[in-house]
Amino acid sequence: MLPMPSERPPIYTIGYGSRPIEAFLNVLERYSIRYLLDVRSSPSSRFNKDYNKGDLQHHLYYSGIKYGFFGDLMGGRPDDPSCYYPNGQVDYDACRRSAPFLHGMSRLRKAYEGGHPVVLMCSEGRPEDCHRSKMIGVALDKAGIPVRHIDTAGRLRTQNEIIEIVTGGQSDMFKDSPTTGLASRGQYRPSRS
């Protein structure tokens with residue numbers, strides 16, 4: 001019997017980006033991931049069918065990894081119109097206050113406290129370009145839950161390292177913190193409006 005690790009694993013995040021599915025699964029295996037939570041608002045890929053929900057579930061199953069869909073709770077394009085700025089960008093602060101997001105956070109806290117090796121997955125390969133860091137990572141960090149982002153090279157990056165990249169190392173002197181006011185790069189509409 002293996003000894004229990006002295007520390008709980010962090011909550012990991014990863015974007016599949018341009019990784020072939022085999023390379024993606026190898027990275028998950030390297031970090032002993034057992035649960036993948038899909039935080040894409042729409043669990044499909046226009047560019048690689050291996051990342052469409054059904055195909056992805058199949059690959060994960062044969063790798064011993066359980067799949068869960070969290071896009072309705074923590075997706076980067078929420079259904080709630082109050083989570084958008086007038087220009088169409090997603091207001092990550094508003095998202096973090098929404099009931100679905102708070103429910104997702106409660107579930108992530110339970111996973112963390114239970115010592116479950118979980119990864120949050122989206123499509124963007126670079127964590128600094130994704131809501132995984134700017135929306136979810138900020139909330140986890142504020143809740144005292146360690147986050148490690150797996151970058152395009154398969155290396156672990158801390159939440160602070162990624163936010164330093166996002167903000168250029170500059171905090172906004174007119175905001176509460178450098179993570180207040182973060183928004184999506186693109187402009188969208190709620191999917192159910």
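The face of helix H1 turned away from its buried side carries the exposed residues Glu22, Glu29 and Arg30, where exposed denotes over 50% relative accessible area, buried under 20%, and partly exposed the range in between (1.4 Å probe, protein chains only). Helices (H or I, at least four residues) and strands (E, at least two) are DSSP runs numbered from the N terminus. The model is a predicted one, in which local features need pLDDT of at least 70 and side-chain atom pairs count only at pLDDT 80 or more, while totals for chains, interfaces and linings use all residues. Residues are numbered from 1 along each chain as its sequence is written, and side-chain values use heavy atoms, with hydrogens and water left out.

In H1, which spans residues 21-30, the buried residues are Ile21, Phe24, Leu25, Val27 and Leu28. These residues lie on the same side of H1 because they cover an arc of only 155° around the axis, the arc being that of the directions from the helix axis to the C-beta atoms. Their cover includes strands E1 (11-15), E2 (35-38), E4 (118-122) and E5 (147-150), together with helix H2 (53-62); contact is defined by heavy atoms within 4.5 Å. Just after H1, Ser32 adopts a positive phi of about 55°.

Four aromatic pairs are present in the structure. Rings of Phe, Tyr and Trp (its six-membered ring) pair if their centres lie within 6.5 Å; planes under 30 degrees apart count as stacked, over 60 as edge-to-face and the rest as tilted. The pair of Tyr16 and Tyr51 is stacked, because the ring centres are 3.9 Å apart and the planes stand at 5°. This pair links distant parts of the chain, with Tyr16 in the loop between E1 and H1 and Tyr51 in the loop between E2 and H2, 35 residues apart. Both Tyr16 and Tyr51 are buried. By ring pairs, Tyr16, Phe24 and Tyr51 are linked into a cluster.

A further residue of interest is His131, found in helix H6 (residues 131-142). His131 has a relative accessible area of 5% and is therefore buried. Its side chain reaches the backbone oxygen of Val39 at 3.3 Å. Not counting residues up to four places away in sequence, His131 touches Val39, Met74, Gly75, Gly76, Tyr92, Cys122 and Ile136.

Technical notes. Polar contact = N/O pair within 3.5 Å; in protein donor to acceptor, adjacent residues only side chain to side chain.
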